[in-house]
Amino acid sequence: MRIPMAGWVVCAAAAPLLAASDYPHYPSARAPAADAVHAASIAGPGDTKVNQFVSYNAAAKTVAISITAALNSAQGGFNFNGGSSGDQAITVPLGWKIHIDVRNVDAIPHSAILITDQTPIPAAPSTPAFPRAYSDHLTDGLPAQTGHDSMDFTAAPAGNYLIACGVPGHAPSGMYIKFVVSATAKAPTNTGTIATGT
């Protein structure tokens, strides 16, 4: 029995959306944050998975990082992947290419920007440490529960940095984790307070 062409259209329309990370070779593919899968959770040929948030390809010198704002209730939701107030660190080797997938699952807007490690934390961080190392809607935040963006940059120079929320007041409230570019690291690591079971 042949299925009418209209049946194919209905089936295709009903098919679930695939996340951008389902297309590791096509970084421009985007999907709503609610359907997004952590980019680091899908390892391609030659990729090594550090945990559910970080994976890398040593031969290509690339790192895929997933950052979720308000992943759990730690710090009242002012956290990235469960880490806040600098109690989590992502370390990457100097000169590697970094891709960060940013999602906001909180009921309020959040964003992400990489800044130099500094005290006090700026009330509204706005100067990225690397070109294009910030999410869209930096000060007004990615939309609540569905916000999604990505950033791509080269990790250089070596030094200590922070991944902070750019929405005014959020970073000083603890919404930041450490990001280290190391001249001696041979592979990326993710240490400290990290959400589990996601």
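The legends below describe close-up views of a predicted model.

View 1. The protein has one helix and 10 strands. Read from the N terminus, the order of elements is α-β-β-β-β-β-β-β-β-β-β. The protein has 198 residues, and 44% of them count as buried. Its accessible surface is about 9500 Å². Carbon and sulfur atoms account for 60% of that surface. Contacts between residues at least 6 apart in sequence were also classed by separation: 67% of them join residues at least 24 apart.

**View 2. The stacked pair of Phe 130 and Phe 153.** Four aromatic pairs occur in the structure. One of them joins Phe 130 and Phe 153 in a stacked arrangement. Phe 130 sits in the loop between strand E6 (113-116) and strand E7 (147-154), while Phe 153 belongs to E7 itself. The two residues are 23 apart, so the pair links distant parts of the chain. Both Phe 130 and Phe 153 are buried.

**View 3. The edge-to-face pair of Phe 153 and Phe 179.** Phe 153 also pairs with Phe 179, here edge-to-face. The centre-to-centre distance is 6.1 Å, with 65° between the planes. Phe 153 comes from strand E7 and Phe 179 from strand E9 (residues 176-182), so the pair ties together parts that are 26 residues apart in sequence. Both Phe 153 and Phe 179 are buried. Ring pairs extend the picture to a cluster of Phe 130, Phe 153, Tyr 161 and Phe 179.

**View 4. The largest nonpolar core.** This core has 32 residues. Ile 98 and Phe 179 have the most contacts inside it. Elements giving two or more residues to this core are strand E2 (54-57), strand E3 (62-69), strand E4 (88-93), strand E5 (97-104), E7, strand E8 (159-164) and E9. E3 gives the most, with four residues. Another core, of eight residues, lies apart from the largest one. Its members include Ile 113, Leu 162, Ala 164 and Ala 171.

**View 5. The surroundings of Phe 179.** Neighbours within four places in sequence are left aside here. Phe 179 then contacts Ile 65, Ile 90, Val 92, Ile 98 and Leu 114, among others. Its contacts also include Phe 130, Phe 153 and Tyr 161. Gly 159, Asn 160, Leu 162 and Ile 163 are in contact with Phe 179 as well.

**View 6. A buried polar contact at Thr 68.** Thr 68 is placed in strand E3. Its relative accessible area is 1%, so Thr 68 counts as buried. The side chain of Thr 68 makes a polar contact with the side chain of Arg 103, at 3.3 Å.

**View 7. Arg 132 over the ring of Tyr 134.** Arg 132 lies over the face of Tyr 134, 5.1 Å from the ring centre. Arg 132 is in the loop between E6 and E7. Its relative accessibility is 30%, so Arg 132 counts as partly exposed. Most residues other than glycine have a negative phi. In Arg 132, phi is positive, near 60°.

**View 8. Asn 81, a positive phi in a buried loop residue.** Asn 81 is not a glycine, yet its phi is about 55°. Asn 81 is in the loop between E3 and E4. With a relative accessible area of 0%, Asn 81 is buried.

View 9. Most peptide bonds are trans. Thr 119 and Pro 120 are joined by a cis bond, with omega about 0°. Pro 120 is in the loop between E6 and E7. Ala 156 and Pro 157 are also joined by a cis bond, with omega about 5°. Pro 157 is in the loop between E7 and E8.

View 10. Ala 185 lies in the loop between E9 and strand E10 (189-192). Along the chain, Ala 185 and Thr 91 are 94 residues apart. Their C-alpha atoms are separated by 7.8 Å. Not counting residues up to four places away in sequence, Ala 185 touches Thr 91 and Pro 93.

Note on methods: Residues are numbered from 1 along each chain as its sequence is written. This is a predicted model: local features need pLDDT of at least 70, side-chain atom pairs count only at pLDDT 80 or more; totals for chains, interfaces and linings use all residues. Side-chain values use heavy atoms; hydrogens and water are left out. Rings of Phe, Tyr and Trp (its six-membered ring) pair if their centres lie within 6.5 Å; planes under 30 degrees apart count as stacked, over 60 as edge-to-face and the rest as tilted. Buried means under 20% relative accessible area, exposed over 50%, partly exposed in between (1.4 Å probe, protein chains only). A charge sits over a ring if NZ of Lys or CZ of Arg is within 6 Å of the ring centre and within 35 degrees of the ring normal. A nonpolar core is a set of buried Ala, Val, Leu, Ile, Met, Phe, Trp, Tyr and Cys residues joined through side-chain atoms within 4.5 Å. Contact means heavy atoms within 4.5 Å. Accessible areas come from the Shrake-Rupley method with a 1.4 Å probe; for residues, only the protein chains shown count as cover. A polar contact is a pair of N or O atoms within 3.5 Å; within protein, one must be able to donate a hydrogen and the other to accept it, and residues adjacent in sequence count only if both atoms are side-chain atoms.
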